[in-house]
Amino acid sequence: MTDSRPRDGLDVTRNRLALAVADVNWFSTENLFREVEREGVTTLLLNCRDYRNAWKHGLRPWSWNTPLVESRPNLWEHELVLPTGWMKRFPTLGMRPIRRTIQHWHQRHAPDARLALVMSYPYYLHLSASLRPDFQIYYNIDDYSLYWPAYADQIKMLERKAALESDLTICVSRVRAEELRAAVPEAAAKIRHLPHGAPTTSLTEHPWELPAPPPADIASLPRPLLGFVGSVEDRLDWKLLIRLSEALPEASIVLVGQTNVQKSDSWHADYQQCLARPNVHAVGWRPQNEINLYNRAFDVCMIPYLTDHPFNIACCPTKILDYMVTGRPIVSTALPECQLYPHLLEVAADSDAFIAAVRAILEAHSNDGRAALRYDWARTNTCRHVVDRLIDLIPV
């Protein structure tokens, strides 16, 4: 669901555009801007990490700061490894290598194009101040004050400035768009809601009205398969999952994703109790290109998030479209963003309603009759379509 207000976008057939994206550390952001294939647009994807995160992701010093790579015509990529603290503690200095990279790319590979900077964090205002692009776009995917509570006041101040100074602010969740419009009413007309798209490569040839054969690692589990793909963390409603496993003991609850839990976490006991259930299976992290194989194999795709968790209230779950591309039935708790799609998925008001919705789908032989509707929605909301809409929203 997107804004329907009229717009006067940038005509890139007459005015070439150099789109520099800082940065693409989130899969959703990378997936979106990787799909820019528009005449007149040249794109640079910047992956900016500090020393610690680079090492954590398997990058070693001898591979840091490699040259620009053209991964396909008009799509360039560059990875920058920067000193710890470069973004928040000393951003003016920390942004300099990023500015030099963008300027070099712009001058060498798109010198006649107008430069547009996409800022995925409000801290990139420091980059914009020294780069002075022709267009500035603030791309908001979350409530960043929740990431760094110690910097919450600073982040809110920077976000206000970003909304005021940017030519366009994109919020992937409606809640964040509404919050920013209320916080910065002077910029309300420039703040748009544009949800995540689905990677075009994940779109199957047809909707799966019935579940597909499962990947080998879950093929031996008893059906029905009730699946969740995402980080296994505090945002999940563990009490709901325990109740679901008890209510449907013949079903297999499959959790696909990296586990982030410490014994000291307040939800650790519920997590342990859930994973101890004989029909709950946490299979761990899987690469992005394999996720679709799990989603299309589920009898029911689930979004069992806590409705009072601040991250869940502010988010646009990427799994909404990740699930829709398969056509499989979806049951979600009542997250604000999920409530935008009552015609495509079941949004449960409480735990009882969630379990009832799952049971009803299973009783209908795992086919709720809306596979084609979800698939058609996904086809018109791939990352390619969504990023085209974003480019159209850039004002002349």
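Author: Happy to. Helices and strands here are DSSP runs, numbered from the N terminus. Also keep in mind that the model is predicted.

Reader: OK, then where does Arg132 sit?

Author: Arg132 is in the loop between helix H5 (125–131) and strand S6 (135–140). Its phi is positive, near 55°, although the residue is not a glycine.

Reader: What about peptide bonds, which form do most of them take?

Author: Most are trans. In this model a cis bond joins Arg223 and Pro224, with omega about 10°. Pro224 belongs to the loop between strand S8 (191–193) and strand S9 (225–229). Another cis bond joins Ala22 and Asp23, where omega is about 5°.

Reader: Tell me about Asp23, then. Where is it placed?

Author: In the loop between strand S1 (17–22) and helix H1 (27–34). Asp23 is buried but has no salt bridge, and the nearest side chain of opposite charge, Arg49, is 8.7 Å away.

Reader: Which backbone nitrogen lies 3.4 Å from a polar atom of the Asp23 side chain?

Author: That of Asn25. Beyond four places in sequence, the residues in contact with Asp23 include Thr29, Asn47, Ser120 and Tyr124.

Reader: Now salt bridges. How many are there by this rule?

Author: The count is 21, with a cut-off of 4 Å between a side-chain nitrogen of Lys or Arg and a carboxyl oxygen of Asp or Glu. Take Glu179 and Arg176: their closest N and O atoms are 2.6 Å apart. The two residues are three apart in helix H7 (residues 174–183), so about one helical turn separates them. Glu179 is partly exposed at 37%, while Arg176 is buried at 4%.

Reader: Which salt bridge links distant parts of the chain?

Author: Asp270 pairs with Lys239, with the closest N and O atoms 2.6 Å apart. Asp270 is in helix H9 (residues 268–275) and Lys239 in helix H8 (residues 238–247), 31 residues apart. Asp270 is buried, with a relative accessible area of 19%, and Lys239 is exposed at 53%.

Reader: And which residues are linked in a network of salt bridges?

Author: Arg38, Arg384, Asp388 and Asp392. For a pair instead, see Arg235 and Glu233, whose side chains meet at 4.0 Å, N to O. Arg235 is buried at 15% relative accessibility, and Glu233 is buried at 15% too.

Reader: Last one: where do nonpolar side chains tend to be in soluble globular proteins?

Author: They tend to be buried together. In this model the largest nonpolar core has 67 residues, and those with the most contacts inside it include Leu19, Phe33, Trp105 and Tyr124. Another core lies apart from it, with 53 residues, among them Leu236, Leu241, Ile242 and Tyr271.

Technical notes:
Residues numbered from 1 in each chain as written. Predicted model: local features only at pLDDT ≥ 70, side-chain atom pairs only at ≥ 80, totals over all residues. Heavy atoms only, no water. Helix = DSSP H or I, 4+ residues; strand = E, 2+ residues; numbered from the N terminus. Buried < 20%, exposed > 50% of the residue type's maximum accessible area, 1.4 Å probe, protein only. Lys, Arg positive; Asp, Glu negative; His and termini not counted. Polar contact = N/O pair within 3.5 Å; in protein donor to acceptor, adjacent residues only side chain to side chain. Contact = heavy atoms within 4.5 Å. Core = buried A, V, L, I, M, F, W, Y, C linked by side-chain atoms within 4.5 Å.
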